Amino acid sequence: MEKKSFNKDFVILYRTNSQSRSFEESLRRLNIPYRIVGGVSFYQRKEVKDLVAYLRLSVNPADEEAFKRIINYPARGIGDTTLLKISNLANQNNVSLWSIVANIDFAPLEPRVKKAVSGFAEMIKHFQALAISQTNIYDIVEEIVKKSGLNKALYEDKSIEGMSRYENIVEFLGAVKEFSQEEDIEDKSLGAFLNDISLMTDSDKDDGSEDKITMMTIHGAKGLEFDNVYIVGLEENLFPSNMSMSSLADLEEERRLFYVALTRARKRAFLTYATQRFRFGQMVFSEPSRFLNEINPAFLSFDENESTVHRGFNTSVVRGAFPTPSNNQPKPLVNTAEENAFEGDDLSNIKVGDKVMHSRFGKGIVETLEGRYPETKILIEFENFGSKTIVGRFAKIKILNG
């Protein structure tokens, strides 16, 4: 009997669209079919295609599709009328568009147009020189992002869509950094990188299969359920988002969103976070999301030996099986009814070194305090659960040595 697959029983949920990139690449390499709901594949997003067009033109000045896409993006005063004049000149002289632009001083165009086109040509010539240099590919792409104006145009757009587009560019730079550090890749030129992502986009075509892993943002998952749910990127400043940190209302909304994600699971939920991520070319160390600390440990298992390293970032897995705790998991120190009845002390005078009792994690000692009460972040070393950071406003803690 033919073995049936059940990819459709799995979903990967992420806080922001930019997070899909690494999962798309991994699933493609493993030849596992997937679909993105409520969005498009990472390399099909407009801002990513814009940047790729700059890279393509830097490698191949005869790429007219890339040329037309970026000659006036971001806007630099080269409109459709000017582009039509350049196209006509290229046809009349049987040369490429780039040949006209690269020698714009000799073209019969008005001075204002020549000045705008000349600035574009000089910028692309600079990028072409970088592309054939021995410079690290990340440095090349970072320079293109900055000098082209893409970085400025996207960063200044503070709408939700604008911030999402900016995050996609940051994620693209992360992909470049990972490529530059791959030990099994000999050719790390810009051209080789473009070939690599071209293979990714070639596999975007729909094969008609319904048995695919689903990927989507948590916002898009409301009302849906899956047997197996992977909630990824559970890190401070990612989920919860760094934009929610200054507002209790926003933080509560993030917490509700996490609840939405967790309750999409019919059978199993897998909670993951990266311990390290590339951010603007630098390896940034991440802290697990505070939401992980807020789950009853009776329903979690965590094994650092299960951490994996893939394409430049480390990932740890926290497995959740609901609602029955397994025998080898830590048992709750109090049952649910007792926990709800647990009355915490006033923590306005809590001090480093205080011995405390937490409603869920038991006995511990206060290691550090950060911030002003009631927003104080309290780092406690618990006897059975290790170090945990708890916000004073939400903590149920008794001070034992008061």
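The following conversation goes through a predicted model of one protein chain.

Student: What should I know about the model before I start?
Tutor: It is a predicted model, in which local features need pLDDT of at least 70 and side-chain atom pairs count only at pLDDT 80 or more, while totals for chains, interfaces and linings use all residues. Residues are numbered from 1 along each chain as its sequence is written, and side-chain values use heavy atoms, with hydrogens and water left out.

Student: How many helices and strands does the chain have?
Tutor: There are 13 helices and 15 strands. Both are DSSP runs numbered from the N terminus, with at least four residues (H or I) for a helix and at least two (E) for a strand.

Student: And how much of the chain is buried?
Tutor: Of its 402 residues, 46% count as buried. Buried means under 20% relative accessible area, exposed means over 50%, and partly exposed lies in between, using a 1.4 Å probe and protein chains only.

Student: Which residues of helix 1 are buried?
Tutor: They are S20, R21, S22, E24, E25, S26, L27 and R28. Helix 1 covers residues 20–29 and is mostly covered, with eight of its 10 residues buried.

Student: What comes just after helix 1?
Tutor: N31 is found there, with a positive phi of about 60°. Most residues other than glycine have a negative phi. N31 sits in the loop between helix 1 and strand 2 (34–36), and N31 is exposed, with a relative accessible area of 69%.

Student: Let us change topic. Which residues have the most contacts inside the largest nonpolar core?
Tutor: They are L55, F67, F120, I124, V141 and F172, in a core of 58 residues. Helix 6 (residues 111–131) gives the largest share of this core, 10 residues. A nonpolar core is a set of buried Ala, Val, Leu, Ile, Met, Phe, Trp, Tyr and Cys residues joined through side-chain atoms within 4.5 Å. In soluble globular proteins, nonpolar side chains tend to be buried together.

Student: What does V141 touch?
Tutor: Not counting residues up to four places away in sequence, V141 touches L55, F172, L173, V176 and L190. A contact means heavy atoms within 4.5 Å.

Student: At what angle do helix 2 and helix 7 pack?
Tutor: Helix 2 (residues 46–59) and helix 7 (residues 137–147) pack at about 115°, with their axes 10 Å apart. Axes are lines fitted to C-alpha atoms, for helices over the stretch in contact, and angles run from 0 to 180 degrees between N-to-C directions. L51, Y54, L55 and S58 of helix 2 meet V141, I144 and V145 of helix 7.

Student: Now the strands. Which residues form the covered face of strand 6?
Tutor: Q276 and F278 form the covered face of strand 6 (residues 276–279), whereas R277 and R279 form the uncovered one. In a regular strand the side chains alternate between the two faces of the sheet. Strand 6 pairs with strand 7 (residues 282–285) in the antiparallel sense over four bridges; two strands pair if DSSP finds at least two bridges between them. R277 stands opposite V284 in strand 7.
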